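Subject: Structure handover

Hello,

Here is the structure I said I would pass on. My notes on what turned up follow below it.

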Amino acid sequence: MAETASKKTEKTAGAGRPRLMLMDGHSLAYRAFFALPAENFTTATGQPTNAIYGFASMLANTLRDEAPTHFAVAFDVSRKTWRSEEFTEYKANRSKTPDEFKGQVELIGELLDAMHAQRFAVDGFEADDIIATLATQAEAEGFEVLIVTGDRDSFQLVSEHTTVLYPTKGVSELTRFTPEKVVEKYGLTPAQYPDFAALRGDPSDNLPGIPGVGEKTAAKWINQFGSFADLVERVDEVKGKAGQNLRDHLEAVKLNRRLTEMVKDVELPKTVTDLERAAYDRTAVVMVLDTLEIRNPSLRERLFAVDPGTEEAEGVELDGAVLGAGELKPWLAEHDGKAVLGLATVDTWALGSGSVAEVALAAADGAAAWFDPSRLDEADENAFAKWLADPEKPKVLHNAKGAMRVFAEHGWTIEGVSMDTALAAYLVKPGRRSFALDALSLEYLGRELGPAAAADGQLAFGADDQAEAEALMVQARTILDLGEAFGEKLAEVGAAELLRDMELPTSALLARLERHGIAADRAHLEAMEQMFAGAVQQAVKEAHASVGHEFNLGSPKQLQEVFFGELDLPKTKKTKTGYTTDADALAWLATQTDHELPVVMLRHREQARLRVTVEGLIKTIAADGRIHTTFNQTVAATGRLSSVDPNLQNIPVRTEEGRAIRRGFVVGEGFESLMTADYSQIELRVMAHLSEDEGLLEAFTSGEDLHTTVASQVFSVERSAVDAEMRRKIKAMSYGLAYGLSAFGLSQQLNIDAGEARALMDTYFERFGGVRDYLRRAVDEARATGYTATLFGRRRYLPDLNSDNRQRREAAERMALNAPIQGTAADIVKIAMLNVDRALREAGLKSRMLLQVHDEIVLEIAPGERAQTEELVRREMASAVHLRAPLDVSVGAGPDWESAAH
C-alpha cells in the first residue's frame, strides 16, 4: 500500500535540519481545477475559483502535515521556454487552457502574497527548473527538501534528503516518493529516472517514445547498461527489433534526455535562506478569500492554523462580571451614562422558541457584564427594558435587526442604535460576502475572537459557564471597538449619514416587517404544489415517450447520451463533463431542431423549480398562519434588499404560474385588503436624471408610452407606426443599458445577431447622446476614483476596473454602469418605505407595511383606511426624491397579492 504524505514526516526529517517545501504552482492548480467542478465555485462576477479553493485547501493540509520551516511556490511563465526553442513540438499537443482556469493562477498568487509566501517565475524556464535549482541549493546547505508536484520528472531529484510528494487522487492524497519508493515503483534509482523517461517518452510533453518500447523494456535497458550514456555507447549490443527501433530513433531519444534533465542553476533573485516562512498578513488573507467569495470557514481556519506568526490570539482585557438577580439595574446605572454600550446576544430563535438566552454588555471603560434574561428580577428587567427603549441611550450592535426581532418576542423594544457594525462594514466595503463578527474583528482590529466566540455574535445555546460568558463579553467588547473603528471609516468614505439616516432606520423597519409577516392560504399553496408535481410527472412521461425509453431527466450524463448520442442533436458548449444541457443550451437546441425533447425538458425544469418554490413557501408558514421572511440589507452590493426563508424574489412576476402563486398570499384576519405600490420605470428615470439627456427626459414628460416614444425616435417613424417588435427591442435595450448590458448580451436577449444588436445600440446612442456620454463618463470616473456612487453617496468599490484580467475588468465595467443606477433606485425605495411608515404612524392608522420585494411595497389595509392609505402612499413615494424625470407611482388593492397588482 502506498505510504501517503498525510502521515507525519518524522521518518524523513533529519534531526535539527531546516525543512524546505517547494510546490509546483501550475501543476497543482491545474489538478485542483479538474478535481472540483467549476460551476460550484464561481463568484457573482463569473470568476471561477475551483482551482484556487483546491490549491488553498491542499496548501493548508500540506503545511500542517509537513511543518516546513521554509517554503516557496514556483510557476511557469508561458509555454515558450528553452525546451520549446530546442524542440518546437515540445508540449505542442496540449489542448488550449480552459477559459475557466484562466486568471486563477494570478489569484492564487495574490493569496500567496497575503500569506507572505515566496513565489518564483522566470522567463524561459519551467517551474520544475526553479524547483530543481532551489532543491539543489537547499540540500547543499543542509536542508530537508519536500517537493509537491504532479510532474514525474521531479523523481530525478529524490535523494536521502529530498522527497517528492506526488498527487495520486486529485489533490487530496499525496504519495511520498523516497529513493526506496522510486526503486519499488520503477526498479531504478532516482538518478536513473531521466534516462528511463527519455527512453519511455512522455506523451503529455509530446516527447516521442520508441516504437515497441514500453516502461519495462526501458527500465531493463537502463539496469542492463547502467545509464543512458552507456546504453548509447553500446547501442549495437541491443538485440532484436526493439534494438533496431532504438537505433532508428536514437537522435530523438538523445533530445528527450536533454529536455528531461532539469536545470539546476537558474538565476534567482533569492536564495533558500530567504525562504523562511513569515507571519501572514491576516487582513489581506481575509480580503482575498472574501473577494473571491470563498465562504467556507474551515478553509480559513486551516490556513490560519498553520500561520507561522503569533500562535496566541491577541487577548482583550475585560473587567467582566456574571450578573445575578438584582445586579443588572445597578450595573446599568453605573455604566450607561459613561459610554456607548456594545451589546451582544445569544438567542434561541433557530430553536423555535424566539426567546433571548444570554446577553452581554460592554462599556468603553473596559467594564463588561453577562446575564441570563430568564433569571432577572422585576427591577432588573424593568431597568433593562427602559434602557433598551430609550433613544437617548446610544447602543452599538452587530446585526441590530436580528436582535430587534428576537428582543421583540420578549417584549423589549430597542431604540437608540447608533451603530450596527455589520451595516457599517457593508457601507465601507459593499462587495464583501461575509460580515461575520470574527472576520471584521480580524480585519479592522487585528484581533481574533478565538474558538469560543462564534461568527455572528451568537454562541451555542445552553451552558452559562464562565468560559462562554467571557466569550460573549469579548464579543460585546469587540462590537464596541468595531463601532469606534467604523465611525472613522464611514467618515472617510462619506457614508456616516447614509448609515444614520437610511440604513439604521431601514433595519428597524425591516425588523417590524419580519415580525408582521404576511398571511398565507395554505390550501391554495398545497393545491399549487400538487399541480406542479403533476406537471413534472407529465413532462417526464412526454420526455420518455419522445425517445422511446425511460431515462433520468436529472442526470446530465444520461441527457448527453440521449441528446448527442441517440438523437444526434447539434452539439452545445463543451465542458469537461461533456456537452452542456443547461437552460441556455436547451433553449438554443429548441431553435435548432424540430425534436420536442428540448422543449419538454425546459418545461420539466420550470415546473420542478416552481414546485420547489411552493414547497418552500408551505414549509415556512408559521403557527400564526403567516410567512415571516428575513430581509437582507448586506447581500446586494448595489444596496437592494433581498429575502430568504423564503426568498420572495424567486416568485415569477410576469408568468401565469407566478401570478397563481401570489394568490396564496392573502389579507390577514382583522384587515380588509392588501395594497401594492411601486414605481413605474424607476431605473430608466434614474438613468434619465443622471444622464440629463434631453430626448429621454422629454420622452418621460410627454405623457405617452415611454418605450413607444423612444422607439419612434430610434427607428425614425411616427409613434403610431411603432409595432410590438420595435417596442420590445427598445424596452430590452433601455433596461439593458441600466444593467450594463453589452451588445452581445442584447443579441442573446433578443435572439438577434451581435451585429444587429450593435447597430441598434449605435442608433439609440445617436438619438440619445447624453445617455452614451453618461455611460462612458461613469466608467471613466470609476476607473479614476476606484468606485461608483449613487445620488445619496453609496459607494461601490471596483478595483478590477484596472485589472489585467480581461474577464474581471469587463465584469467591473458592467458593474460601474449598473451600480449608480441600481443603487440610486434602491436608495429611493428605502426612503419611500421609511416615509410611508412614518406617515402611517403619524396619521394614527392601523394599516401597516408587510413586504418589500424588488421595487414593490406590500401593505395590509385596516378596515375603512384604504382611501387615506392610498393617498398617503402616493404622496410619500412620489416625493421621496425629486428627479428631472418625475417619479410615477402605481397603486392597487385586493384580497390577495396578485389581485392587488396594478
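Predicted model: local features only at pLDDT ≥ 70, side-chain atom pairs only at ≥ 80, totals over all residues.

The phi of His854 is positive, near 60 degrees, and its relative accessibility of 36% makes it partly exposed. His116, in the loop between α4 (104–114) and β3 (118–120), also has a positive phi, near 55 degrees. His116 counts as partly exposed too, at 40% relative accessibility. Most residues other than glycine have a negative phi, and most peptide bonds are trans. The bond between Asp645 and Pro646 is cis, with omega about 0 degrees; Pro646 lies in the loop between β18 (642–644) and α25 (656–662).

Next, a helix pair. α16 (residues 400–409) packs against α20 (residues 496–516) at about 45 degrees, with the axes 9 Å apart, so the two are oblique to each other. The crossing is right-handed. Residues making the contact include Met404 and Arg405 of α16 and Leu510 and Glu514 of α20. By class, the contact has six nonpolar, five charged and one polar residue.

Last, α22 (residues 556–566) has Leu559, Gln560, Val562, Phe563 and Phe564 as its buried residues. These span an arc of only 170 degrees around the axis, so they lie on the same side of α22. Among the elements covering them are α21 (522–547) and α24 (597–619). After α22 comes Asp568, with a positive phi near 55 degrees.

Regards

Terms used:
Residues numbered from 1 in each chain as written. Heavy atoms only, no water. Axes fitted to C-alpha atoms, helices over the stretch in contact; angles between N-to-C directions. Helix = DSSP H or I, 4+ residues; strand = E, 2+ residues; numbered from the N terminus. Parallel < 35°, antiparallel > 145°, perpendicular 65-115°, else oblique. Left-handed = near helix turned anticlockwise from the far one by under 90°. Contact = heavy atoms within 4.5 Å. Nonpolar A, V, L, I, M, F, W, Y, C, P; charged D, E, K, R; others polar. Buried < 20%, exposed > 50% of the residue type's maximum accessible area, 1.4 Å probe, protein only. Arc of directions from axis to C-beta.
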